[in-house]
Each structure stands twice: as structure tokens, then as C-alpha cells.
Amino acid sequence: MVILGIDPGYGIVGYGVIETDGYTYQVLDYGAITTSKEDSIAVRLQEIEENLIFLLDKFKPDVVAIEELFYFKNQTTIIPVAEARGVIVLTAQKYCGKLFEYTPLQIKQALTGNGRAEKAQVQYMVKSILGLNSIPKPDDAADALAVAICHSQTSSVLNNNFM
């Protein structure tokens, strides 16, 4: 199964693509879609859509797993992030059709066994589970890989996360 994990944002959208048989993992790609602060929100959303379509066409994932917006510290960016997440959800639905969402608590629980784990613990587990030499950068890419791993580890148990 090929899983595209997404850490939504509008300045940076983290992505991670893994292939798994449920026991072993192969990292196909990871990185970030970045948009310029100088561009309007409409242009930034279009860039996110175009880059996401490229990834969906290239890897043809069986499922897309996305982090749910759970709590946001910076109230000034919540609306643009929600708009970007809407573009991501719609694009993933149109091009893949199988979309799952996970809360940060579920992701941390799946990777570390502790829903209140620190970011460094989650990043270490991403590195360990995927057999990488270093923690993926940027952090958004590591977060996206964590979402993908979470789906692979919980999808058989938590199919109610289907959007």
C-alpha cells in the first residue's frame, strides 16, 4: 500500500510518501510544498493544489492521510491554514478518493505509545521506524511521514477515520 501523508499548512505543506506491506516500510519521497509570503492567498492555494496534483499523479497513492486541525496557537493564521487544508482535502478526494484524518494525539499515540509525546520523540520514531539515517527535514516533512506511519499502523483498527 502506498500512503501519502500530509501535514497541512499554507506557508509550508509537509508531505511524506511511504510504501508498506503492514510490516516493512519503504520511503518513496518526502519534503515540503512551500509558498511565498509575498503572494496572495489565492496564488498560494493554487500552488498547493498544483504541487499536490503532481505528487498524486507521480505516486498514485492508495490512500491519503492528513493531520486534523486540532488546536491552533496563532489565531491570525488559522483561517488561511483551514483554507489550505480545504484545498488539500478536496484535491486528495478528487485524485485519490480514499482520505483519512488523524488528530495529533492519535499520531503521537501510534508512533510512541504516548499521546502526549514531545515532537522530538515523534521525529526519533519516524527516523527509527523508517530506517533513516537522520530525522527528515523540514519538520513538516517528518510530521507528514508520521501521519503516513500512523495510518499504516492504525488503518486496520481505526477505519472510522475515513473522511
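Predicted model: local features only at pLDDT ≥ 70, side-chain atom pairs only at ≥ 80, totals over all residues.
User: Let's start with helix α5. What does α5 span, end to end?

Analyst: Helix α5 covers residues 139-154, which is 16 residues. At 1.5 Å a residue, α5 should span 22 Å.

User: Give me an example. Where is leucine 145, and is leucine 145 buried or exposed?

Analyst: Leucine 145 lies in helix α5. Its relative accessibility is 0%, so leucine 145 counts as buried, the cut-off being under 20%.

User: What does leucine 145 touch, beyond residues up to four places away in sequence?

Analyst: Leucine 145 touches Gly16, Val17, Ile18, Asp29, Tyr30, Val126, Leu130 and Pro136.

User: How far is leucine 145 from methionine 1?

Analyst: In sequence, the two are 144 residues apart. In space, they are 14 Å apart, C-alpha to C-alpha.

User: What about serine 152? Buried or exposed?

Analyst: Serine 152 is found in helix α5 too. Serine 152 has a relative accessible area of 12%, so it is buried. Setting aside residues up to four places away in sequence, serine 152 touches Ile3, Thr20 and Tyr25.

User: Now the packing. How do α3 and α5 sit against each other?

Analyst: Their axes are 9 Å apart, at an angle of about 70°. An angle of 65 to 115 degrees counts as roughly perpendicular, so that is what α3 is to α5.

User: Which residues meet there?

Analyst: From α3, Gln106, Ile107, Ala110 and Leu111. From α5, Ala146, Val147, Ile149, Cys150, Gln153 and Thr154. By class, this contact of α3 with α5 has seven nonpolar, three polar and no charged residues.

User: What about α3 and α4? At what angle do they cross?

Analyst: At roughly 50°. Here α3 is residues 104-112 and α4 is residues 119-130, and their axes come within 9 Å. That makes α3 oblique to α4. The crossing is left-handed.

User: Which residues are involved in that one?

Analyst: Lys108, Leu111 and Thr112 in α3 meet Gln121, Val122, Met125, Val126 and Ile129 in α4. The contact of α3 with α4 divides into five nonpolar, two polar and one charged residues.

User: One more pair. How do α1 and α2 cross?

Analyst: Their axes come within 10 Å and cross at roughly 30°. Angles under 35 degrees count as roughly parallel, so α1 is roughly parallel to α2. The crossing of α1 and α2 is right-handed.

User: And what meets what?

Analyst: In α1, the residues are Ile41, Leu45, Ile48, Glu49, Leu52, Ile53, Leu56 and Asp57. In α2, they are Pro80, Glu83, Ala84, Val87, Ile88, Thr91, Ala92 and Tyr95. The contact of α1 with α2 holds twelve nonpolar, one polar and three charged residues.

User: Tell me about isoleucine 41. What is its relative accessible area?

Analyst: It is 33%, so isoleucine 41 is partly exposed. Isoleucine 41 is found in helix α1, which is residues 41-59.

User: What is isoleucine 41 in contact with, leaving aside neighbours within four places in sequence?

Analyst: Tyr10, Pro80 and Glu83.

User: And how far is isoleucine 41 from aspartate 57?

Analyst: They are 16 residues apart in sequence. In space, the C-alpha atoms of isoleucine 41 and aspartate 57 are 24 Å apart.

Methods. Residues numbered from 1 in each chain as written. Heavy atoms only, no water. Helix = DSSP H or I, 4+ residues; strand = E, 2+ residues; numbered from the N terminus. Expected span 1.5 Å × (residues − 1). Buried < 20%, exposed > 50% of the residue type's maximum accessible area, 1.4 Å probe, protein only. Contact = heavy atoms within 4.5 Å. Axes fitted to C-alpha atoms, helices over the stretch in contact; angles between N-to-C directions. Parallel < 35°, antiparallel > 145°, perpendicular 65-115°, else oblique. Left-handed = near helix turned anticlockwise from the far one by under 90°. Nonpolar A, V, L, I, M, F, W, Y, C, P; charged D, E, K, R; others polar.
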